[in-house]
4 protein chains.
Amino acid sequence: MTAATVTDPFVAAALSYELQPATEPGKRFVALAEEHAADFASRAERHDREGSFPFENFEALQRSGFMAAMVPRELGGLGVESLYDMMVAMSRLARGDASTSIAANMHVAGASLIVRHLRRSQAAGEERTVAMLEDLLRKVSAGLVVICVPTTEPGTDITSPQMEATLTEGGYLLNGRKIFGTASPAANMFFPSVRISNGSGGYLTATAMVPRDTPGLEVKEGWDALGMRASGSNDVAFKDCFVPEEVGLFNVRDNYGKVGRGFAELDLPLISTFLGVAEAAREIALATVKNQRKGPNRKLLGERIPIQHLIAEIEIDLSVSRALVERVGRLVDDFTRRHGAVDNPPEGIALMKEVQCMKYVVNRKAIEVVDRAMIVCGGGAYMSKHPLSRLYRDARAGPFMQPFAPYEALEYIGKVALGMEPALDR
Amino acid sequence: MTAATVTDPFVAAALSYELQPATEPGKRFVALAEEHAADFASRAERHDREGSFPFENFEALQRSGFMAAMVPRELGGLGVESLYDMMVAMSRLARGDASTSIAANMHVAGASLIVRHLRRSQAAGEERTVAMLEDLLRKVSAGLVVICVPTTEPGTDITSPQMEATLTEGGYLLNGRKIFGTASPAANMFFPSVRISNGSGGYLTATAMVPRDTPGLEVKEGWDALGMRASGSNDVAFKDCFVPEEVGLFNVRDNYGKVGRGFAELDLPLISTFLGVAEAAREIALATVKNQRKGPNRKLLGERIPIQHLIAEIEIDLSVSRALVERVGRLVDDFTRRHGAVDNPPEGIALMKEVQCMKYVVNRKAIEVVDRAMIVCGGGAYMSKHPLSRLYRDARAGPFMQPFAPYEALEYIGKVALGMEPALDR
Amino acid sequence: MTAATVTDPFVAAALSYELQPATEPGKRFVALAEEHAADFASRAERHDREGSFPFENFEALQRSGFMAAMVPRELGGLGVESLYDMMVAMSRLARGDASTSIAANMHVAGASLIVRHLRRSQAAGEERTVAMLEDLLRKVSAGLVVICVPTTEPGTDITSPQMEATLTEGGYLLNGRKIFGTASPAANMFFPSVRISNGSGGYLTATAMVPRDTPGLEVKEGWDALGMRASGSNDVAFKDCFVPEEVGLFNVRDNYGKVGRGFAELDLPLISTFLGVAEAAREIALATVKNQRKGPNRKLLGERIPIQHLIAEIEIDLSVSRALVERVGRLVDDFTRRHGAVDNPPEGIALMKEVQCMKYVVNRKAIEVVDRAMIVCGGGAYMSKHPLSRLYRDARAGPFMQPFAPYEALEYIGKVALGMEPALDR
Amino acid sequence: MTAATVTDPFVAAALSYELQPATEPGKRFVALAEEHAADFASRAERHDREGSFPFENFEALQRSGFMAAMVPRELGGLGVESLYDMMVAMSRLARGDASTSIAANMHVAGASLIVRHLRRSQAAGEERTVAMLEDLLRKVSAGLVVICVPTTEPGTDITSPQMEATLTEGGYLLNGRKIFGTASPAANMFFPSVRISNGSGGYLTATAMVPRDTPGLEVKEGWDALGMRASGSNDVAFKDCFVPEEVGLFNVRDNYGKVGRGFAELDLPLISTFLGVAEAAREIALATVKNQRKGPNRKLLGERIPIQHLIAEIEIDLSVSRALVERVGRLVDDFTRRHGAVDNPPEGIALMKEVQCMKYVVNRKAIEVVDRAMIVCGGGAYMSKHPLSRLYRDARAGPFMQPFAPYEALEYIGKVALGMEPALDR
């Protein structure tokens with residue numbers, strides 16, 4: 001799929017319009033993603049069929065340094081700072097295995113969020129937190145830590161966690177249950193979002209840090225879904241989990257119920273993952289129609305004008321998704337440059353509108369591209385062993401992803417465009 | 001799902017616009033379908049998960065008389081003659097389990113095609129064939145026969161079989177391989193389409209009759225697909241299968257490569273099956289939003305206007321599919337009344353245009369309805385145990401179904417509308 | 001466009017699937033519509049360009065008996081009772097000139113509503129009203145009356161008129177302003193919907209009968225719209241218009257704000273008008289591609305597969321619209337048979353859901369069909385003198401038509417499907 | 001519409017995501033476009049109604065320097081080199097009056113093409129041509145020249161002109177007829193594309209330069225179209241027009257029938273014009289729903305969730321079109337940097353695929369955005385005096401624009417994506 005493997009000059013030219021990373025560290029990140037993708041593709045069907053977690057993929061990602069991509073160079077990582085580049089990298093990884101992509105993203109984005117916490121703590125002179133986070137990030141670079149940031153709970157949205165941290169002697173007790181705890185089978189450090197009473201009837205939010213061996217923490221194995229079956233998105237239960245005061249809770253803030261820039265590290269690469277799914281489907285469709293002959297005249301599929309139309313529609317959809325990822329990626333990076341690690345500036349709501357526009361389109365286009373690729377490839381694509389039958393199931397995960405259902409995203413976008421507070425009717 | 005179980009007056013009224021059978025025998029057929037659907041729904045998830053064939057469903061369908069629906073009353077059947085009614089019945093059965101619906105359709109439609117052969121043989125005074133077919137149909141009524149009519153082969157379309165019957169002493173030798181041999185695990189009588197040399201370089205088509213225990217016939221167990229996993233749509237191989245001259249081959253005709261009225265019995269109820277899938281998805285969505293509360297305000301989903309819009313879009317899509325099935329069903333029944341059992345009158349091409357319009361829309365609408373129902377139901381619908389995750393996979397089978405891929409259907413429809421011979425560029 | 005003019009057998013067959021009237025009087029009605037359409041088509045461009053009212057079309061419609069189609073035979077009309085047949089007739093007329101179709105519908109539907117009032121009055125033994133209405137209908141048959149039923153007002157919906165009738169000596173004074181008073185240039189008898197105080201703070205609705213020469217009635221000439229430019233849909237102002245008690249107001253009922261079966265006569269043929277617009281666009285597209293050669297190879301447009309696809313998409317859209325009009329037309333006629341002239345039975349809400357599903361789709365499909373026909377015909381279709389440029393503008397009127405904007409229709413449909421009172425959030 | 005006029009912080013933020021020029025000269029160009037747009041908007045309705053050419057707009061554009069935007073600074077122009085910036089400027093101008101935008105683009109792009117010819121002539125050391133073109137461009141800067149580059153002819157595509165230049169004594173005779181000669185009422189210098197025999201049965205293409213007063217040149221006044229009515233897109237006829245050898249014909253090349261980078265200056269800003277149309281429709285919709293109350297409850301339209309959804313869908317479509325214009329604009333500028341003024345390098349075909357993807361989407365989205373804005377604004381938007389009724393007609397011009405009909409674009413895109421020569425079946 002990389003330029004090096006293409007000899008056909010038109011296709012080479014066409015492929016050159018795929019997304020390119022914007023920074024030097026990003027280029028290394030994306031190159032790693034492409035290498036891993038080629039490897040992971042060979043195991044994707046098996047893990048999908050079994051619903052098994054790809055531990056060996058995670059090990060390879062640790063070995064190559066991919067998992068430490070967002071960690072600063074001085075702490076041993078690749079030093080990628082551009083979220084746009086992270087989106088590109090995850091789209092590339094997803095071409096090989098979307099489940100691994102979203103699982104790896106849980107860790108990589110988690111590390112990136114920790115870097116943001118670090119920057120804030122440095123600015124605030126919180127030395128103990130700084131030391132704790134630097135130590136953690138060094139362990140990430142050493143491949144000793146796998147991060148899971150479970151934020152979803154049933155019946156609420158990610159900005160309003162119901163999982164609660166209550167003060168106890170020397171720390172906090174955590175109680176609650178997270179769902180869609182992607183990467184949980186491999187994770188040894190959990191960062192659930194929690195709420196804490198603000199003492200006057202309302203809540204603050206915070207991030208807890210809970211080692212896997214903490215008593216009361218239980219990963220409920222048994223993730224069994226339509227797609228993304230190798231992502232290990234188990235429920236994670238916390239029952240009276242004790243975390244010490246000094247390192248158990250951080251980033252306490254008045255953020256309850258506010259959707260803004262907040263979780264961009266987690267959310268954005270999840271969106272570009274579906275661009276990667278669509279790109280993979282395109283490759284399968286192209287390879288099929290360039291080689292397969294059908295019908296009484298044994299005409300090459302690719303020489304039929306209706307097939308060319310379907311390929312064009314795929315191409316158009318990809319051009320849309322790529323343009324959106326590139327534009328919003330640039331906007332986000334520019335935003336970060338201007339706001340630094342400030343968590344949720346007001347302008348973040350306007351930016352989030354653009355993010356939601358991108359998500360709405362990219363998720364849907366992925367579904368449509370896979371659908372068209374199936375039409376192009378014919379009945380064989382309906383067989384379990386055909387990769388499109390997996391992509392068809394993986395692609396459908398997109399619209400379920402946080403923080404909004406598609407109809408909620410419309411309400412959010414509309415309200416912001418109208419200059420209204422985006423407080424949803426939910 | 002039947003009127004009797006509904007007490008809410010508006011919903012009762014709304015439901016009354018579901019399709020109704022047009023004839024008295026059809027009413028009995030549809031009533032049986034509804035009873036079976038309620039039963040089969042309870043086992044659908046298990047068979048889907050296992051990819052196992054629902055033998056017990058087939059036994060129940062034999063016991064109730066459902067499987068003999070299209071057999072004339074004088075031969076022990078229900079005497080249904082309306083293909084429209086058959087479409088309605090299969091849409092009802094599919095509400096419970098789409099896999100069983102398409103498997104049962106293979107048999108029921110096969111019996112119906114045999115009735116057509118019988119009528120032609122009666123008109124032609126072919127006494128031996130008449131006796132053979134009457135005997136066969138009586139066995140159908142007695143529940144002794146399960147029919148499989150495998151017509152699909154890789155790399156060709158159903159009007160141009162490559163499986164060949166060659167003359168040998170006392171009969172024919174059959175060689176070829178069929179795919180998508182739905183219901184094959186239970187079938188004991190196979191009716192593959194074959195070609196026979198016309199002696200001058202071209203071919204005639206015919207229907208062969210091959211008991212399961214014929215040496216050389218092999219059902220290749222191992223159907224493993226994205227959806228319709230309980231339909232047993234295995235490959236069926238025929239290697240030097242001998243069939244005797246007097247009963248082995250019938251309905252020999254100059255029909256090679258012509259798409260017309262031909263296989264309406266097989267095709268039409270397959271289309272309405274997807275109406276049933278969509279109706280099942282609608283029921284799930286309605287039940288969910290009428291009972292589920294979400295979000296910080298615990299607002300009933302059904303009370304949210306965006307959810308009402310999604311429900312409306314489902315309703316609109318169903319209204320379209322129902323109207324098409326009803327109109328085309330009436331057109332087909334009217335056509336049959338005017339042409340009797342004549343196999344492929346020229347007007348059949350114009351009718352097939354309408355059928356293809358219906359198929360194009362109904363298949364696509366089923367996919368869209370299931371998709372919307374998933375949006376309505378939220379992340380839970382992505383779990384393997386949620387019935388929508390099965391319907392999402394089952395629904396996608398529609399566009400693959402014979403005789404045309406969607407882009408071929410467009411070419412066919414366009415050419416006929418333009419008054420051109422619908423010889424496709426394939 | 002009629003079967004008689006077609007010699008190509010495939011096209012003849014294809015055309016035979018256009019909608020057919022269900023009753024004998026309906027056949028006469030539809031035949032008249034086809035004759036008028038061929039005539040009106042020749043003047044449609046001029047009236048559209050000028051925005052002039054087609055008085056000569058109305059005179060022709062009076063002479064032929066078309067305008068009295070819904071008047072009982074014993075009162076001199078054609079005796080059409082089927083609303084489905086009326087929908088078919090108006091779709092045919094619209095093929096020639098959509099403006100004339102909606103203008104004629106205002107009168108024909110108005111007469112039909114009066115027949116309903118007559119039936120209710122007969123049942124109630126209201127002899128004076130019966131005599132008045134019979135006299136009126138005889139004048140309709142004699143071509144002496146042109147009816148306008150203005151029901152729309154700015155800022156409210158048609159079920160909640162703000163135009164008011166207040167008691168005065170010997171009758172009522174009417175005050176208010178109606179918009180979209182289609183056919184008003186030719187009308188000599190106006191039947192505006194009005195509200196009357198119920199004496200306890202609420203309102204009843206009623207229909208007023210106001211001869212054109214009533215002091216205070218003013219037709220505000222100057223209809224100037226994007227399309228439907230020859231429909232004369234002027235504002236009509238009523239200022240202290242006096243109507244006598246005995247004949248000025250009838251059908252007083254507690255109907256304020258209730259959307260149900262109510263105005264089906266007016267609304268349904270307006271919907272099928274857009275089917276006629278789409279059918280006209282299809283004819284233009286077919287004629288163009290069957291005769292026009294383009295490009296360096298001078299290939300006939302119709303022989304290009306992409307053009308065949310576009311024609312097919314038009315065909316599919318028409319199949320959808322026709323199926324919906326036929327199904328809902330049958331449902332409405334069946335409803336009328338069961339409920340007679342009862343104005344707004346509860347079941348009418350369920351029926352209105354189906355009507356709104358039809359409207360939503362048929363209006364949108366008309367726009368899409370015209371759009372595709374423009375693509376098929378190329379740049380010439382953008383010229384003012386090309387009939388498609390008129391159809392493009394006429395077609396867009398559909399979604400504006402009463403009683404619901406598209407998003408209101410969705411809310412209505414969704415609420416009814418959910419078993420909720422369809423009280424819209426407006 | 002500019003940031004300065006917005007006080008609402010959310011809207012201000014939202015608006016800041018409109019496209020921004022990339023270069024300093026581009027900023028001036030875009031600022032001028034915004035000023036002119038505000039002025040032209042006040043006359044757009046009148047010119048549209050009359051079909052009159054906006055001469056006063058052209059005079060204003062000459063006075064401000066807008067018309068010389070692409071002329072190098074050393075020749076008196078603004079020195080804009082970025083085609084992306086030109087796309088942004090034309091999208092801004094189109095917000096005020098799309099007809100003026102495409103007419104101005106004819107001139108501005110024409111000047112830009114002349115700059116390219118100048119660069120090539122400079123590189124080739126063609127001194128006489130250099131002098132001629134520099135003189136011409138100085139006149140452009142002085143406001144003395146209005147350029148029309150008519151390239152379209154009936155029945156052929158823009159790469160294969162049928163208008164012919166034949167050698168005669170001292171120059172060439174031109175014969176042919178161009179259609180869609182936008183800006184022709186104001187133009188005093190025409191640059192039609194022509195073909196010249198290559199002496200061996202084939203053709204070369206070239207650009208002719210024909211002053212308006214050349215005998216035989218006739219602008220056929222009478223442009224009368226559905227939309228873009230003030231663009232003066234008349235036919236221009238050339239009958240034995242003599243042009244002298246030294247300045248009459250230039251840029252002769254072997255380019256017949258090849259679609260590549262060629263006319264990017266003309267085509268790309270025509271595409272972004274429709275982004276401007278969509279943005280104008282969005283502004284109208286926002287202003288309406290933020291101020292208008294409707295229905296029995298007099299609820300502000302903007303407070304209704306379905307209206308928020310429609311606004312969101314508009315917003316999403318705009319985000320798509322903006323992202324595509326930005327991405328493809330950057331790609332084109334990068335391409336130009338790498339290839340200079342080389343006319344049609346092979347890579348141009350791959351780039352043109354991206355351009356066609358953009359055109360396909362942006363044109364369609366403009367139509368959809370205007371349609372949604374009409375739904376949002378209700379029946380008033382159907383009146384001739386409402387600006388949306390003009391935008392509805394203007395927007396439909398997009399899919400007709402050269403070099404491809406939508407179905408041809410699909411074939412082109414598909415073939416290039418498949419690595420095939422994009423020789424269309426036309």
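Here are a few friendly notes on two chain interfaces in this predicted model.

1. Let me begin with chains B and C. The contact takes 52 residues from chain B and 52 residues from chain C. Together they bury about 4600 Å², and carbon and sulfur atoms give 70% of that area.

2. One pairing worth a look is K353(C) with E315(B), a salt bridge whose closest N and O atoms lie 2.8 Å apart. Polar contacts link twelve residue pairs across the interface of chain B and chain C, with both residues at pLDDT 80 or more.

3. Which helices supply the side of chain B that touches chain C? At least two residues each come from α1 (9-15), α8 (264-289), α9 (305-339), α10 (347-377) and α12 of chain B. Helix α9(B) provides the largest share, 17 residues. Sorted by class, this side of chain B has 29 nonpolar, six polar and 17 charged residues.

4. Helix α12 (residues 406-417) of chain B packs on helix α9 (residues 305-339) of chain C at an angle of about 85°, and their axes are 7 Å apart. Angles of 65 to 115 degrees count as roughly perpendicular, so α12(B) and α9(C) are roughly perpendicular to each other.

5. Now for chains A and D. Here 52 residues of chain A are in contact with 52 residues of chain D. The area buried between chain A and chain D is about 4600 Å², with 70% of it on carbon and sulfur atoms.

6. The A–D interface holds four salt bridges. K353(D) and E315(A) form a salt bridge, with 2.8 Å between the closest N and O atoms. Twelve residue pairs are in polar contact across the interface of chain A and chain D, both residues being at pLDDT 80 or more.

7. On the side of chain A that touches chain D, α1 (9-15), α8 (264-289), α9 (305-339), α10 (347-377) and α12 (406-417) each supply at least two residues. The largest share is that of α9(A), with 17 residues. The class tally for this side of chain A is 29 nonpolar, six polar and 17 charged residues.

Conventions
Residues are numbered from 1 along each chain as its sequence is written. Chains are lettered from A and ligands numbered from 1 in the order in which they are written. This is a predicted model: local features need pLDDT of at least 70, side-chain atom pairs count only at pLDDT 80 or more; totals for chains, interfaces and linings use all residues. Side-chain values use heavy atoms; hydrogens and water are left out. Axes are lines fitted to C-alpha atoms, for helices over the stretch in contact, and angles run from 0 to 180 degrees between N-to-C directions. Helices (H or I, at least four residues) and strands (E, at least two) are DSSP runs, numbered from the N terminus. Angles under 35 degrees count as roughly parallel, over 145 as roughly antiparallel, 65 to 115 as roughly perpendicular and the rest as oblique. Contact means heavy atoms within 4.5 Å. Buried area is the accessible area (1.4 Å probe) that two parts lose on being put together, summed over both. A salt bridge is a side-chain nitrogen of Lys or Arg within 4 Å of a carboxyl oxygen of Asp or Glu. A polar contact is a pair of N or O atoms within 3.5 Å; within protein, one must be able to donate a hydrogen and the other to accept it, and residues adjacent in sequence count only if both atoms are side-chain atoms. Ala, Val, Leu, Ile, Met, Phe, Trp, Tyr, Cys and Pro count as nonpolar, Asp, Glu, Lys and Arg as charged, and the others, Gly among them, as polar.
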